[in-house]
Amino acid sequence: MTAVEARGIAKRYRSLVAVRDLSFSVEPGEIVGVVGPNGAGKTTAIRVLTTILEPTRGTFSVAGVPAARPTEIRRLIGVLPESSGYPERQTGREFLTYHARLFGHSRPSARARADELLREVGLAERGSSLIGAYSRGMRQRLGIARALVNEPRVLFLDEPTLGLDPAGQRQILATIRRVVGERGATVLLSTHLLAEVEEICSRVLILNKGRLVADGTVAEVARRAGAPRSARLRVPSTETERAAAALSRAPVVEHAEVSGGQLGWLSLTLVEADGRAPDDLVRDALTALIDAGVPVLSFELEGARLSDAFLAMTEAG
Amino acid sequence: MAASEHAAPSPATPGWLVVVGQELRDLWVGGRGLLLTLAFSVLLSLIAYLVATNTDLNFLEQREAVGLVLQVTIAVGSLLALLAAADAVSGERERGTLENLLLTPVSRLELGVGKLLAALSLWFAALAVAVPYVWYLGRGVDVVDEALAAGIVVGTLLAVFLASLGLILSLFAASNRISLALGLFILLALYAPTQLPTSARRGWAGDLLLRINPLTAGEHYVGRILVDAHSWSEDLSWLVSPVLGAVLFAAAAIALSGRFIRLPGGFAR
């Protein structure tokens, strides 16, 4: 049984087509990143799959339950909506208790569930504070706790780190990774931060202008983008010439030169991957330098990252 | 903790009851319910003081004084219920809190019922506040029981009618400012006939105007019982529009909630 299956989903708002012909499936336990530029249709797609919006066309199932049974789907999913609002005059504990009760918990069981979730997302100390006094990061963690209130089989997280500083982003990602690891739930993570996807997702879907333009592992998508495979590296300035010569002899290097006339900096172009993993090409290039006795101070691969694929696919679209 | 420990239990309490409980808490604990009721009690104190002073001077009969306090209570109490209901859905939509509610298995219809009942609590609070004033002004003329019974029946009918109207506006309004403004405008329009000169209210057209409007018909009925000392059955025809207004609008509000408590373009289930 697939965790999520979408078949030809389209969503139109009057003349605006937000999502068109979206088809994909997600296996249980996968963490799938949904990325795309602003207006790509990520939030609309998630709202359709979470039964908040009705698709104009197409059908889907979540946790094996068809779209025709939305109430049943809602029992099995957890959702952190994008830019969700929270009742300012409720405490975090009260908010979670209320939602646990809406999912059928008795009052004592709902309270216990709320306390457990507050501990899990690191808000136990602030559970009795009004949500109005929470920081943005605390609200996001509360939202994640809310999404977990019914022990969901499939978790939809829409921009969980939006508007957070790097420390806050790291904290949220760690929370997601921990709770997902402990529960083994399937996750669809919508984000515009590609580093997040590279860090925690096993698979990525790229949306552009409402269409699915890429679907695969991060490495597969990066390779499929056909982005230029170049790298920039730094060696001691006295070793520049020797490094350039060693790289020129390496079979995986198509071209190597001193970068911008700066001693110590070299730009190189790797050969076509031809089925080989990007990591193998990098390893061979670095081995050539090490074999020549040239110390490598830094090495940055350009054109094999998700960001390059993302730009190539979304700008072309 | 093991996942199975909290595996989705079967509903212990109906969803609408859980919603009513939380809405009442939001309204009365730290919300604006207490403040509005306090403001109403200050207004009622002022009116009761003026009315009592006039009674001492024999400018106003005791029955008229009780009738006036009750009519103010019905007007203000049902206004508060209207305002609370008019904010119920459009306010949640505007504050971004609706989506989390829609993501629960509780039906939209239950959400509507819960919000409607919570809004009506403001009317019952206003009635409770009015009890001592009615008792004080009506002592000695055997009108207190009658006044409270008339207040409960007519006031509840009008509060249900107006709260349902407020909820319907809230379902369709793009913002809660629009639903509140529309609600107030409609309320003022419904009360406008009470400001017509007596001559304009005579004849079949004037009579019809008062009878088809639940607010004027209800207040007229209360006046007949309390001021003119008519029996309850004597003017029952004046209760037709308040009863119809309450039943039809409540049914419409609940039925429409099931379909229209949603985000724009949203699922209707």
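Residues are numbered from 1 along each chain as its sequence is written, while chains are lettered from A and ligands numbered from 1 in the order in which they are written. Because the model is predicted, local features need pLDDT of at least 70 and side-chain atom pairs count only at pLDDT 80 or more, whereas totals for chains, interfaces and linings use all residues.

**Exercise 1. Find the order of the strands in the open sheet of 6 strands in chain A, and name its edge strands.**

Two strands pair if DSSP finds at least two bridges between them.
- Step 1: Reading across the sheet gives the order 6-7-8-3-9-10, and the pairing is mixed.
- Step 2: Strand 6 (77-80) and strand 10 (211-216) of chain A each pair on one side only, which makes them the edge strands.
- Step 3: From one strand to the next, the twist averages 15°.

**Exercise 2. Work out which side chains of strand 13 (residues 265-270) of chain A are buried, and which strands it pairs with.**

A residue is buried if 20 or more other C-beta atoms lie within 10 Å of its own, exposed if 12 or fewer, and partly exposed in between; C-beta atoms are placed from the backbone.
- Step 1: A:Leu266, A:Leu268 and A:Leu270 point to one face and are buried.
- Step 2: Strand 11 (residues 230-234) of chain A runs antiparallel to strand 13 of chain A, with 5 bridges; A:Arg234 has A:Trp265 as its bridge partner.
- Step 3: Strand 12 (residues 253-258) of chain A also pairs with strand 13 of chain A in the antiparallel sense, over 5 bridges, and A:Val253 stands opposite A:Leu270.
- Step 4: Strands 12 and 13 of chain A form a hairpin with 6 residues between them, and A:Gly260 in the turn has a positive phi of about 60°.

**Exercise 3. Decide where the buried and exposed residues lie on helix 9 (residues 240-249) of chain A.**

- Step 1: The buried residues are A:Ala243, A:Ala246 and A:Leu247.
- Step 2: Seen down the axis of helix 9 of chain A, they fall within an arc of 95° (the arc of the directions from the helix axis to the C-beta atoms), so they line one face of the helix.
- Step 3: On the other side, A:Glu241, A:Ala245 and A:Arg249 are exposed.

**Exercise 4. Describe how helix 3 (residues 62-88) and helix 7 (residues 144-172) of chain B are placed.**

- Step 1: Their axes come within 7 Å and cross at roughly 25°. Axes are lines fitted to C-alpha atoms, for helices over the stretch in contact, and angles run from 0 to 180 degrees between N-to-C directions.
- Step 2: Helix 3 and helix 7 of chain B are therefore roughly parallel to each other (angles under 35 degrees count as roughly parallel, over 145 as roughly antiparallel, 65 to 115 as roughly perpendicular and the rest as oblique).

Terms used: Helix = DSSP H or I, 4+ residues; strand = E, 2+ residues; numbered from the N terminus.
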